[in-house]
Amino acid sequence: MPSLKDLKNRIASVKSTRKITKAMQMVAAAKLRRAQDAAEAARPYTERFNAVMAGLSQAAEGSPAAPKLLAGTGSDQTHLLIVMTAERGLCGGFNANIAKLARQHATRLKGEGKTVKVLTVGKKGRDALRRDLGELFVGHVDMTDVKRVGYADAQGIAKDVLARFDNEEFDVATIFFARFENVVSQHPTAQQIIPAKFEEVADANVSDASNTLYDYEPGEEAILADLLPRGVATQIFAALLENAASEQGARMSAMDNATRNAGEMIDDLTIEFNRSRQAVITNELIEIISGAEAL
Amino acid sequence: MADNLQFDLVSPERRLASVEATEVRIPGADGDLTAMANHAPTITTLRPGIMTVVHSGGSDEYVVVGGFAEITATSVSVLAESALPRSEMTQEVFNKMMEDAHAEMQKAKTIENEPGPVDDAARLIADMVAIGTHIGLDPKQSNFG
């Protein structure tokens, strides 16, 4: 049985923990709103871009002159997994879920006899995967200094990836990130970016537009060759933004839970504290009374 | 009165403009073009340059670098890799862009040293200098350098 003093200390310590988690939750909420705004602002660009690319790539598909970024290298022997996670922890299962998905993917590919390479973006993913996939790491992108994800960051990663592709280091590239649903749910997602796949957007307006016959200036293929590398950057950028929002969402709900748990713990400890104080008082009374009776 | 067309300028980071315009002057990769209502549907890539939008309230200018424009009979959507309203294009920003262009050139020369990338970088610098001259900013380099 802990002494009264011990209990008092524990209550004080849980109280200060609660203060910290509460503060972290509020910071995450503010950051989440910013991240969501950024993701919102990027959406028109990504949507238009994908719609145009979908139209273009449909036309180019099957043609023997189709760029490698679209048609692939003709083999799928070597896979590059780009695992995007956060730089910080304390955000629930966010990092672990992405790492788990990537690990499953890697195991499956290895089972099929493929070569797997891993590029990590964000420290937490690297730490989580080092034990199982450490020997497959080909690079790491540090995002510690990035306060706000900008398009330039995505371009940097895309450049790195494209350079590796040009050197024929891999055939297929897949990005792993968490798609933001809402504050309580973020879905770890795998998305193939090389060879490029553009989903036809279901929106009626957009698909109408992609059916229009366009003039292309310069030629169709020149545009495709110019835009495909940008497409890689765009998809990475969209994934980074989703990830940023997901991270803050996950942190917010994790810290909300932590705050609530700390509150429950304080209630329990307070009851225990009051009980034992009562017990001490009762004991003292018994001692006094029995002492008086003995006289 | 001439018909209007819907003009959208978006960069990956934000939507810069969405207005009804009467004409849009676009720096296309193969040369400048002006889009007005009922233009033939066209997709063109952009070179770094200045885009001018004429609308009922006057005209706006934007500095765009990279990306493409999608022109239809009723709308122009420009997806620029980076875009700035001209008013935000200060000497400081411009210097930074020139620096990047030169760094690109340096890299193309030293690492790849093939005609393709070097030409591309040279074209980028030339386009940037042209923008600077047009706006009245100092590109800080001679043409003979």
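Two strands are said to pair if DSSP finds at least two bridges between them, and strands (E, at least two residues) and helices (H or I, at least four residues) are themselves DSSP runs, numbered from the N terminus. In these terms, strand 1 (residues 78-84) of chain A and strand 4 (residues 172-180) of chain A pair in the parallel sense over five bridges, and within strand 4 of chain A it is V172(A) that stands opposite H79(A). The model is a predicted one, in which local features need pLDDT of at least 70 and side-chain atom pairs count only at pLDDT 80 or more, while totals for chains, interfaces and linings use all residues. Residues are numbered from 1 along each chain as its sequence is written, and chains are lettered from A and ligands numbered from 1 in the order in which they are written.

The pair formed by strand 1 and strand 4 of chain A belongs to an open sheet of five strands, arranged in the order 3-2-1-4-5 and mixed in its pairing. At the edges of this sheet are strand 3 (137-141) and strand 5 (186-194) of chain A, each of which pairs on one side only. From one strand to the next the twist averages 20°, where axes are lines fitted to C-alpha atoms, for helices over the stretch in contact, and angles run from 0 to 180 degrees between N-to-C directions.

Helix 7 of chain A comprises 75 residues (220-294) and reaches 108 Å from its first C-alpha to its last, close to the 111 Å expected at 1.5 Å a residue, the expected span being 1.5 Å times one less than the number of residues. This helix bends by about 30° at L227(A), and a proline, P229(A), follows within four residues; the bend at a residue is the angle between axes fitted to the seven residues ending there and the seven starting there.

Chain A is divided into domain 1 (4-21 + 255-290) and domain 2 (26-254), with bounds that come from an automatic or database domain assignment. The centres of the two domains of chain A, taken over C-alpha atoms, are separated by 49 Å. Four residues from domain 1 of chain A and five residues from domain 2 of chain A take part in the contact between them, two residues being in contact if their C-beta atoms, placed from the backbone, lie within 7 Å. On the side of domain 1 of chain A that touches domain 2 of chain A, two residues are nonpolar, one is polar and one is charged, with Ala, Val, Leu, Ile, Met, Phe, Trp, Tyr, Cys and Pro counted as nonpolar, Asp, Glu, Lys and Arg as charged, and the others, Gly among them, as polar.

For chain B, the assignment gives domain 1 (5-87) and domain 2 (89-135), whose C-alpha centres lie 22 Å apart. Seven residues of domain 1 of chain B are in contact with eight residues of domain 2 of chain B, and the side contributed by domain 1 of chain B has four nonpolar, one polar and two charged residues.

Among the strands of chain B, strand 3 (residues 23-28) and strand 6 (residues 49-55) pair in the antiparallel sense over three bridges, with V53(B) in strand 6 as the bridge partner of V24(B). Strand 6 of chain B is also joined by seven bridges to strand 7 (residues 58-71) of chain B, again in an antiparallel run, and these two strands form a hairpin with two residues between them. The bridge partner of H55(B) in strand 7 of chain B is G58(B).

The contact between the chains takes 21 residues from chain B and 23 residues from chain A. On the side of chain B, strand 5 (42-45), strand 7 and strand 8 (75-85) each supply at least two residues, and the largest share, four residues, comes from strand 5 of chain B. Three bridges join this strand 5 of chain B to strand 6 (residues 215-217) of chain A, the two running parallel, and D215(A) stands opposite T42(B).
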